[in-house]
Every structure is written in structure tokens, then in C-alpha cells.
Amino acid sequence: MSKARLGSVLEFALDQRGAIAAVTAVCLMVLMLSIGLAVDMGRSQSVHAAIQNDLDAALLGSAAQSTDPSELQANAQKYFDANWRKNHGVEGAVAVTIETPEQNIVTGRITVDVPTSFMALAGIESVKVVATSEIELAGENLEMALVLDVTNSMAGAKLDALKASSQSLVETVYSKPHAEERVRISIVPFGDYVNVGTANRGAPWLSVPADTSNEVSYCYDTSDVIGQSNCRMETRQGDNDGIPFTYEAEVCDYQYGPTYNKCVTYTDSKTWYGCAASRDTPLDTKDEDWTTPVPGAMNTLCGNPLMPLSSDKDALTDYLGGLSTFGNTYIPAGLMWGWTTLTKEAPFNEATGSGEKVDGLPVKKVLVLMTDGANTRSPDYVNKHHGGTDVTQANAHTQELCTNIKAKGITVYTVAFDVTDPGIKDILETCASSPSKFFDASDSEELHTAFSTIGSNLAPLRIAR
């Protein structure tokens, strides 16, 4: 090959290597920009997630304190400034913008400029990140009945736990903005009866005979103990509202004297203390036809009178603190009277009517039933009291009442507290409006958690979008 031709070939080869180098440089720059774009976009997405979470929390925390626009703006900004995650290379103050609440919606918006690193090489020095959040305020009024088992088996630590848990529920519900204007609660403690209040004596829906006191004399044959021997302590079995227990009793062999006739005089009193028995079936499971009155159970004690719907938080809390125990368990009594406090018709008329609105907003009706055990009593329709022991009948009435209450649009929560009977647990779970509204609390801590969850669910602030 001639020298001239060889030179031409070498010159061409050098030109080609230069072109390849140039293309490689361009490709490398594009690759670096792509990597840089991914890094910068990843950072902006991380910042967006951070401010979104903080904005949601700021709005929830602020709206729980006040829904006044100016106060909400200041509270949200303060909350955001205290919690804003500043580890993403974003400097300076970030402003929270709050739109005036309309139709129970609070809208917050934040805009930040996230500085870039690699994208700045292409003249893009920052990426604008915008986060918005909407918080839906409670858009309903609430009427709630707390139907609480205060039978003798609840005495002691269990009653203390019930008082504390139910008071906490009241505090939670009334912690929401404007709750005193939208929330009313009734309290219905029950055992084998419910105390409807002696002040209601004479009401057309109640039939109570007059209190009487008469001297009665009668005679009978008897004999006196004149001696005893072989005294010893024996173990006996007892029952406290279906819960068996043992105790020691002294037993002796007695010697008796001659039989003689003895006459005594005593005062026979019949007094009504506010206890309500049951109307005949089927009205004992229905909130209707109150022209057929409820019989009052005479000579029976039944604890604290129920408290109709009230918006006085302090009065509700004080009432719960004063609960005392009595009697055995007849769950339908609590369900029946808790239901009546949530309806406008007699016996109690504090509630709103079906479909009625307050200040243009609907009324949510809720019944919370708490019990620590199975039914142990049932109605005696002849003698007008709850001294029967037909547990099958009592369970059937419990189930029927739950069905009837839910059919009226009332949401039912049920709480089993230290319940070991699987049958009553099944009844309570079925009674609840949904499985999530049934709570199986084995101890005081779980009871508190159950009531706390119910309270938080009743009138919540929530992320709308």
C-alpha cells in the first residue's frame, strides 16, 4: 500500500474514534441525567409522603380542638411546625393553608419547593410538591343509650372498671367539637329489673297499685329449742347471679320442747321502689301500644333509677360514678328500657322521632349493651315480677329484642365482660349490628379498650380525601 493511501486510512480511523467518543459522552450524560431525575423525583415523592402524613395529622389534631377557621389555621400551622419532618433538604417555613369549612369539610393545602441536585444540570432547580387533605367533621347528631349490667356478680373491682370505662367513653364522645350541642346520652343500669323512677308513678304507661301497710295477726304451732349437740361446720354451695360459690355454715343436732300454739302480729307492707316488671308477651319485646301499661314490681329493690337522654356531661359522669349493684341478670329488661329512651313516643319522650333532623343534620341512634354473664331470671307474668328461672325464655327474649331494636335503625354495640358462657357470647355477637361491634373483654383493661373504641367510633373526625 502506498504511503498516501495508508495515511488516508489512519485519518479515517481517527475520525471514527472521535465520533464514537462524542456519542459515548452524550449517552453518558443522558444516563446521568436519567439517574439524577430518578433521584430527584424519588426525593420529591418522599417529601410529598412526609408532608401528606403531617398535614393529615395536623388537620385531625386541630379540628379536634376547634373548627373555627382562624383557630383551626393557627392550630394546624403550630402542629405542622412541631412535627414537620425536615430531613429531606427542604429549608424554611412551610405554610398550611386552610379553606373555610363548608358542609362539615375542612380542607388543608401545603406547597413546597424541593431543591434538585442532578436536574439542576438541566436548568431545573426545584420541583414543586403539593399536598392536600380533607377532614370530614361529625355530620350527625348522636343519641346513645348505655345499657349496663350492675348485677351482684359485678360487685367490687368489676363495677369499678365499668364506672371508669363508661366515664371514659362519655369523655371521649364529648371531646368532639360542638358535642354538647349534638350528643345526648341515656344510662340504663339493669339487673333482674330496671328502675324507671318513682316520679313516674301515675304515668299512663305504668300500672302500680297503691302502697299499703296493714297489721296482720295469725297463729301457728311451734316448739322451742331446748338443747343442741354435735355442732360442726359444713361446706355449703351458694349461687350469686349464676356464679356458684362455697361457704361455711354451722350445723347442730337440736332438741325441741313440747309443741304449743303461738300467735304473732306483724306489719304487712307493699311498697313500690320504682322497679318495672314485664308486660305480657309479645309486648314485653316491643316498643309499642303503651296504652297497655307496664306493671310495677312491689317490694323489690332495683338500684339507681335510669337516666333519660341528657347532654350534661358532668351529670352523666357523676351518675356513672354512683352506680351500685343489685339482683340477678335479666338482659331483656335492660334492652327494653334502653330502647324506650331512644324513641320519641312514651314512656320517655326526650328522643327525636324517626327520620327527624336537628339543625338540618340526621340523628344517629346507638345502644351499647354491657353484661358480665348469662340470663338467670325470667318474667313471672301472673305475679308481675321477674322471679322466674326460665333461661331459655330469657335468651329468646334477648334475641328478639335485639332483632327488633336493629330493625328500627338503631346501631347496637355489645360488650361481654369476663363472660365464660359460650351461649351468651353467641347471643351477644349476633345481637351486635356487625361482628366489629361485638367486644369480648376478658378483664378490666380489655373492657376499657372496648369502651374507648366505641367512643372513638361514634362521632369521629376522619380523612375524607
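**Cores, a buried asparagine and salt bridges**

Helix H6 is mostly covered, with 10 of its 10 residues buried. Buried denotes under 20% relative accessible area, exposed over 50%, and partly exposed in between (1.4 Å probe, protein chains only). Helices (H or I, at least four residues) and strands (E, at least two) are DSSP runs numbered from the N terminus. The model is predicted: local features need pLDDT of at least 70, side-chain atom pairs count only at pLDDT 80 or more, and totals for chains, interfaces and linings use all residues. Residues are numbered from 1 along each chain as its sequence is written, and side-chain values use heavy atoms, with hydrogens and water left out.

The largest nonpolar core holds 42 residues. Such a core is a set of buried Ala, Val, Leu, Ile, Met, Phe, Trp, Tyr and Cys residues joined through side-chain atoms within 4.5 Å. Val194, Val196, Trp205, Leu335, Trp337, Leu367 and Leu369 touch the most other members. Elements giving two or more residues to this core include strand E4 (141–149), strand E15 (363–371) and helix H7 (391–407). H6 provides the largest share, 6 residues. A second, separate core of 41 residues includes Leu142, Leu169, Val183 and Ala441. Leaving aside neighbours within four places in sequence, Leu367 is in contact with residues including Ala145, Val147, Leu335, Trp339 and Val412. Contact means heavy atoms within 4.5 Å.

Asparagine 304 sits in the loop between strand E13 (294–298) and strand E14 (307–310). Asparagine 304 is buried, at 19% relative accessible area. A polar atom of its side chain lies 3.3 Å from the backbone oxygen of Gly322. The backbone nitrogen of Ser324 also lies 3.3 Å from a polar atom of the Asn304 side chain. Beyond four places in sequence, contacts of Asn304 include Pro189, Asn195 and Tyr319.

The whole structure contains 13 salt bridges. A salt bridge places a side-chain nitrogen of Lys or Arg within 4 Å of a carboxyl oxygen of Asp or Glu. Lys313 pairs with Glu171, the closest N and O atoms being 3.3 Å apart. Lys313 lies in helix H5 (313–321) and Glu171 in helix H3 (157–174), so the pair ties together parts 142 residues apart in sequence. Lys313 is partly exposed at 27%, and Glu171 is partly exposed at 36%. Lys425 and Asp440 meet in another salt bridge (3.1 Å, N to O). This pair links helix H8 to strand E19 (438–441), 15 residues apart.

Notes: Polar contact = N/O pair within 3.5 Å; in protein donor to acceptor, adjacent residues only side chain to side chain.
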